[in-house]
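User: Hi, could you walk me through this one? I'd like to start with a helix and then move on to other parts.

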Amino acid sequence: MQNEGMQTTPAAFDISAKTHNPNAGLRGNYADMAADFTVRQHVGDYTSEEQARWLRLVARQLALLPTRACREFIDAVAKLDMQRGIPDFATVNVALNAATNWQLVAVPGLVPDDVFFTHLANRRFPVTVWLRSEAEFDYIVEPDIFHDFFGHVPMLFTPVYADHLQAYGHGALKAKRLGGLDWLARLYWYTIEFGLIRESGEIRAYGAGVLSSPKELIHALESAAPRRRPFDVMTIMRTPFLIDDVQSSYFILESFEQLHHDTAPDFTPYYTALRNA
Ligand code: PHE
Ligand code: FE
C-alpha cells in the first residue's frame, strides 16, 4: 500500500479476516487487545535501538518541515517533544485532550474499517505501537508508530481539522452502509494522507503520508511531475489513487474551514451520481 512511511487508507482493503487470525500474516501482536482493537502502550519496552531509530527518523523529517509543512503542523510539532524519544501516549493525551478533546489509542497495527471509523467518530485516533525495522528506514509497507504519530498526531491539535476528522468517521460509517466507501476513501487519501494547503501564497503539506515521508514530501511540493489541483470533493472522489508509489495528483485546500464546509452536506446524492456515472 504505499511508499515510505505512509499508510493506505484503512478503507482501501478488508483486513478483518487477517485481524481475526493472528497467523494470517498481519504484522503486530493482536493477542492481548480489547474488543475495540486497542492495546496498552508499554512505553518502557522499546529497545535502545528503537529509541535511537525513532530519533533519527524524527530528526530527518523535522529538518524538512520549515518550508514545507503547514503552520498548524509546525506549531503542534514544537509542543510535542518528539526529539526526546518515542512519545508516551498518556502524556500526549493530556495536551491533546485540552486542545481538541481528542485521545490517542494504541493499536497493534492495522484495524478493520468499521473499528477505525468508530474510533474517529468518537474522537479517538488509533496509533500503531510498533516501530519499523532498520531495513525499513526509508520504506515501509504498513503504517508504524512513526507514520501514525509523526504524520497524524500534530494535526489533531487544530480544532477545525479535529472536528472534520470526527465527521469523517461518522461519514465513513454512513458511506459503508450506502456502498460509497470506495469513493469516500479517496477523500481520506487526498486530504488526511496526501493533502496540501495554500498558506500565505505558498503551497504547504498537511497530509500524514506526505509529512512522514521525505521522498513524498519533496515530490509533492517540488517535483514538476505531479498535478496539483484545487480541492474539490467530487473531483477527488473520481480520482483513483496509487498505493505503491508517490502520487501523481495532489489537491490543494485554501483553508481547513473549506475542508470542513465542503464535506458537511449529505453525501447520499454524491454517491448516487458517482454510481450512475
Ligand atoms: N457529510 C458527509 C455525509 O453526509 C460525511 C462526511 C463528513 C464525509 C466529513 C467526509 C468528511 O455523508
Ligand atoms: Fe495514515
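Analyst: Let's start with helix H3, where the face turned away from its buried side carries the exposed residues Ala78 and Lys79. Please keep in mind that this is a predicted model.

User: Which residues of H3 are buried, then?

Analyst: In H3, which covers residues 71–80, the buried residues are Glu72, Phe73, Ala76, Val77 and Leu80. They lie on the same side of H3, because the arc they cover around the axis is only 130 degrees.

User: Why would residues three or four places apart point the same way?

Analyst: An α-helix has 3.6 residues a turn, so residues at that spacing point the same way.

User: OK, switching topic: in what order do the strands of the open sheet come?

Analyst: The open sheet is formed by 4 strands in the order E4-E3-E6-E5, and their pairing is mixed. At the edges are strand E4 (202–205) and strand E5 (227–230), each of which pairs on one side only, while the twist from one strand to the next averages 40 degrees.

User: How many bridges join E5 to E6?

Analyst: There are 4 bridges between E5 and strand E6 (residues 249–253), and these two strands run parallel. Within E6, serine 249 is the residue that stands opposite arginine 227.

User: And glutamate 193, is that buried or exposed?

Analyst: Glutamate 193, which is found in helix H8 (residues 181–193), is buried yet has no salt bridge, and the nearest side chain of opposite charge, arginine 132, is 11 Å away.

User: What does the side chain of glutamate 193 make a polar contact with?

Analyst: The partner is the side chain of histidine 147, with the polar contact at 3.5 Å.

Conventions:
Residues numbered from 1 in each chain as written. Chains lettered and ligands numbered in written order. Predicted model: local features only at pLDDT ≥ 70, side-chain atom pairs only at ≥ 80, totals over all residues. Heavy atoms only, no water. Pairing = 2+ DSSP bridges. Axes fitted to C-alpha atoms, helices over the stretch in contact; angles between N-to-C directions. Buried < 20%, exposed > 50% of the residue type's maximum accessible area, 1.4 Å probe, protein only. Lys, Arg positive; Asp, Glu negative; His and termini not counted. Salt bridge = Lys/Arg side-chain N within 4 Å of Asp/Glu carboxyl O. Polar contact = N/O pair within 3.5 Å; in protein donor to acceptor, adjacent residues only side chain to side chain. Arc of directions from axis to C-beta.
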